[in-house]
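This report covers strand pairing and salt bridges in one protein model. Please have the sequence and the structure at hand while reading.

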Amino acid sequence: MKYRLLAGGSVLVLTAALSACGPPSDSAGGDGRTTVDVWLMRDSVSDTFQKEFTADFEKRHPKIDVKIQIQEWDGIGQKITAALASNDAPDVIEAGNTQVAQFAESGGLLDLSDRTDELNGEDWLSGLAEPGAYEGKQYGIPYYAANRVVIHRTDLFEKAGIDATTIKTREQWIDATAKLNKGGTQGIYLPGQLWYALAGFIWDEGGDLATESGGKWSGALDTPEALRGMAFYEELQALGKGPKDSDEDDPPQAEVMAQGQVAQVISTPGGANVIVEKNPELKGKLAFFPIPGKTAGTPGSVFTGGSDLVVPAAAAHPDEALTFIKELTGDEWQKKLAVAMSYVPNRTSLAPAVAGDPGAAAMAVGAANGHATPNTPGWAAVEAENPIKDYMTAVLTGGDPAKEAAKASQDITRAMNAGS
């Protein structure tokens, strides 16, 4: 999916997968040319963009050929882990931003800390740069970002006398949603287990999902800050009929909004395309605004999904790999990528590049206050079990928030430290 927001999954080194990685491209031949072998993920670039970039790169660097192999998201963690453990690794790999820590922990990635200045690291999006680092070293170079915004029905807002451009704070958002939640219309469709949205509300309050002390991670859902974030989620969720015991995929929230009775959903902008596909009558009636924050001057915190580019320690051509990364993450091609794919560029200073794309522009505003999940390989075990979802459902169905948060925090602590 174009806007798939990644979270690291548990990864095993599978010897059997080595054969699927494919051998690296040939080294420099008799003509002095070198082929840099690159893995990019499905839908991270279009065919047209890939061809244009490759042609331009090879023109600027006449001694380097580019071989891009498109990989599928399904099973990519195992495939990358196998490649890093082999002698057949490609030169550049696109990895989900929250996957980098687990790959770095294995020792299979090059430390690129001394190259951040030349790669414009001074204003990288924190939600890409922070998870691209591990134990103080930078392994992942920010590639592109995507985050959630509010998709809303302009006709329903107009009917209710609401100007969406004036909604800048949580209080204004609640007031507007309450006005919309009448006459058979759901003010917002918010399923009970959209935990990425909850994470943003917790970050807004100064809390976190887990914290680290002395090398040990502990769940932090039972802190006062995190409990305030959950209280806001509960208030917002009540202004609609979203199920309390499932997430945004069950049923798919875009399909629910396409039925015509929902005024708002929290989604990546790509969700609007799905809504219109399901209900063409809504074409021209959907728009976007950033998730509101606690104050008008700061947008709501969001989970920044997206990708980083990494170089395997076993890469045959690390210098050429860095040349490739420098071009793809530089000003010119970041702007073109953002426009072509409706992504948020990897640097805050490039946000104006998507000013003409309403969905991407709303994302860029939110991305300035982007965050990532706890930057540790142990977080993969948490997402595999995901006690956060169970906690949310328990609270929304009448459970005591403090008690349920304490239980979930214990589950997070256990999962994060299981391998230590």
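Which residue in β2 is the bridge partner of T35? The partner is D65. The model is a predicted one. Strand β1, residues 34-41, pairs with β2 in the parallel sense, and eight bridges join the two.

Both strands belong to an open sheet of five strands, ordered β2-β1-β3-β13-β6, in which the pairing is mixed. At its edges lie β2 (64-71) and β6 (141-146), each of which pairs on one side only. From one strand to the next, the twist averages 20 degrees.

## Strands β7 and β10

A further pairing joins strand β7 (residues 149-153) to β10 in the antiparallel sense, over four bridges. Here H152 has Q264 in β10 as its bridge partner.

Side chains in a regular strand alternate between the two faces of the sheet. In strand β10 (residues 264-267), Q264 and I266 point one way, while V265 and S267 point the other way. These four residues of β10 are all buried.

## Salt bridges between separate segments

Side chains of opposite charge can pair when their charged atoms come close. The model has 21 salt bridges. One of them joins the side chains of D65 and R33, with an N to O distance of 2.1 Å.

Another salt bridge is formed by the side chains of D204 and R170, at 3.6 Å from N to O. Because D204 lies in helix α8 (residues 195-204) and R170 in helix α7 (residues 170-180), the pair ties together parts 34 residues apart in sequence. D204 is buried, with a relative accessible area of 18%, and R170 is buried at 9%. For both, the cut-off for buried is under 20%.

The side chains of E332 and K336 meet in a salt bridge of 3.2 Å, N to O. The two residues are four apart in helix α13 (residues 331-341), so about one helical turn separates E332 from K336. E332 is partly exposed, with a relative accessible area of 33%, and K336 is partly exposed at 38%.

Conventions:
Residues numbered from 1 in each chain as written. Predicted model: local features only at pLDDT ≥ 70, side-chain atom pairs only at ≥ 80, totals over all residues. Heavy atoms only, no water. Buried < 20%, exposed > 50% of the residue type's maximum accessible area, 1.4 Å probe, protein only. Pairing = 2+ DSSP bridges. Axes fitted to C-alpha atoms, helices over the stretch in contact; angles between N-to-C directions. Salt bridge = Lys/Arg side-chain N within 4 Å of Asp/Glu carboxyl O.
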